[in-house]
Amino acid sequence: MEDDEGGAMAEEAIVANGGEEEERRSSKAMVSSEQIDVEAYAALYTGHTKVIRLFFIADHCGNEAVQVEALRMAYDEIKKTENTQLHREVVQKIGGRLRPEYGLDQAWVDAIEHRFQLKKDKLENELSGYKTNLIKESIRMGFNDFGDFYYAHGHLGEAFKSYVRTRDYCTSSKHIIQMCLNVILVSIEMGQFMHVSNYVGKAEQTPEVQDPIIVAKLRCALGLAHLEAKHYKLAARKFLDTNPELGNNYTEVIAPQDVATYGGLCALACFDRTELKNKVIDNINFRNFLELVPEIRELIHDFYASRYASCLEYLENLKPNLLLDIHLHDHVETLYDQIRHKAIIQYTHPFISVDLHTMASAFKTTVAGLQKELEALITDNQIQARIDSHNKILYARHADQRNTTFQRVLQNGSEFEREVHAMLLRANLIKHEYTNRASKKL
């Protein structure tokens, strides 16, 4: 009973927050993109996420041809499922822009809903029998079947409750891991990344988590949770630690190309040069993912080699498609700003003075625009420098080494003098046997 109440409360939270997530995503500005190949992109995914990503492209892409193509593919994909709610939604989004056969298929909807009720009654009767017989494994399977059933029909709140209820009837580590993965899948779709973090933790505490594919899935899920929370460095570490065995085994959530993109951009934004070299460029496992997205691989190498113009050009070319990514779109501007600021800081670091005209050319911007960026970084104490606005030169403000050396010598002299006084005092106390006489009096 307590578990049921917990599940109900969790469901309410999920539904509420899921609505906020949907509202936040739908409020995103339209993106004009002629680069994205919708068919190739959709082929990377399976299940609900394929449809949700196609919806997202249709809602946020300013190119009507791309919108219509995404909706057509979503319609065809939904007809392979039993999700009547998504079917009605896609028909509404199409709005008569496609051929008549892409309208509401009422006969299909009625048939699905009739089968839904019949199967629901059957599962309820079976579960009732299992509870009467008190067979834990049968009860677990009954709740799990209910979760699969509700998930297939798009009732994510009910699916979440059913999967969570299997927890009390799990009799092995394998069952616990399966339960956690099911809850994680539903939570990601609902945008409930707090649940994702919690259940990844539960799965990782299970003693027998050794399957490299399961470990890779858990790392990807936690990486998405950190990304959503804007903990970019933690997200980067999880994606970078993902095993190449992941392959296409988690396409209902994430494609291997996404691991390269998310991990690469988060690492660029947060890692210093040493970390970038050791954990990204020299990371043999992550290199397998980077090979799938050559643009990300090249821009990382360009950044490390200080070829900032080429790096920023790659980023600019990738931006329209990244803004159509369901998980990354809210973070693109922040990550791009952090990467650009790091590039500017690294560019200025080795020099005593820098000509702003030369630097503006390297970063493909105007001198005025670059000066504003530098002013912000100087104000934020990220660059120790001053700007000669008349001659357009940036001068590094290095510490006065002569003065620093004198200060250090004076400090060391004071410390030496204090230590000598302490030693002389101790020597005199011992000489006059002050400590011994004091102890005898006591």
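Contact here means heavy atoms within 4.5 Å of each other, and that is a handy idea to carry through this tour. The model is a predicted one, so local features need pLDDT of at least 70 and side-chain atom pairs count only at pLDDT 80 or more, while totals for chains, interfaces and linings use all residues. Residues are numbered from 1 along each chain as its sequence is written, and side-chain values use heavy atoms, with hydrogens and water left out.

Let's start with His 175, which sits in helix α9 (residues 173-190); helices are DSSP runs of H or I with at least four residues, numbered from the N terminus. His 175 counts as buried because its relative accessibility is 13%, and buried means under 20% relative accessible area with a 1.4 Å probe, protein chains only. Setting aside neighbours within four places in sequence, His 175 is in contact with Glu 137, Arg 140 and Cys 170.

Now turn to helix α5, residues 84-94, whose buried residues are Thr 84, Leu 86, His 87, Val 90, Val 91 and Ile 94. These residues lie on the same side of α5 because they cover an arc of only 155 degrees around the axis, the arc being that of the directions from the helix axis to the C-beta atoms. The buried residues of α5 pack against α3 (47-60), α4 (64-78) and α6 (106-133).

What happens at the two ends of α5? At its start, a side-chain oxygen of Asn 83 reaches to within 3.3 Å of the backbone nitrogen of Gln 85. Just after α5, Gly 95 takes a positive phi of about 55 degrees.

One partner deserves a second look. The axes of α3 and α5, lines fitted to C-alpha atoms over the stretch in contact, come within 12 Å and cross at roughly 20 degrees. That angle makes α3 roughly parallel to α5, a label for angles under 35 degrees. Here Val 51, Phe 55 and Asp 59 in α3 meet Leu 86, Glu 89, Val 90 and Lys 93 in α5.

Finally, follow α6 to helix α7 (residues 136-152): the two pack at an angle of about 165 degrees, with their axes 9 Å apart. This makes α6 roughly antiparallel to α7, the term for angles over 145 degrees. Among the residues that meet are Phe 116, Leu 123 and Tyr 130 in α6, and Ile 139, Phe 143 and Phe 146 in α7.

Note on methods. Buried means under 20% relative accessible area, exposed over 50%, partly exposed in between (1.4 Å probe, protein chains only). A polar contact is a pair of N or O atoms within 3.5 Å; within protein, one must be able to donate a hydrogen and the other to accept it, and residues adjacent in sequence count only if both atoms are side-chain atoms. Axes are lines fitted to C-alpha atoms, for helices over the stretch in contact, and angles run from 0 to 180 degrees between N-to-C directions. Angles under 35 degrees count as roughly parallel, over 145 as roughly antiparallel, 65 to 115 as roughly perpendicular and the rest as oblique.
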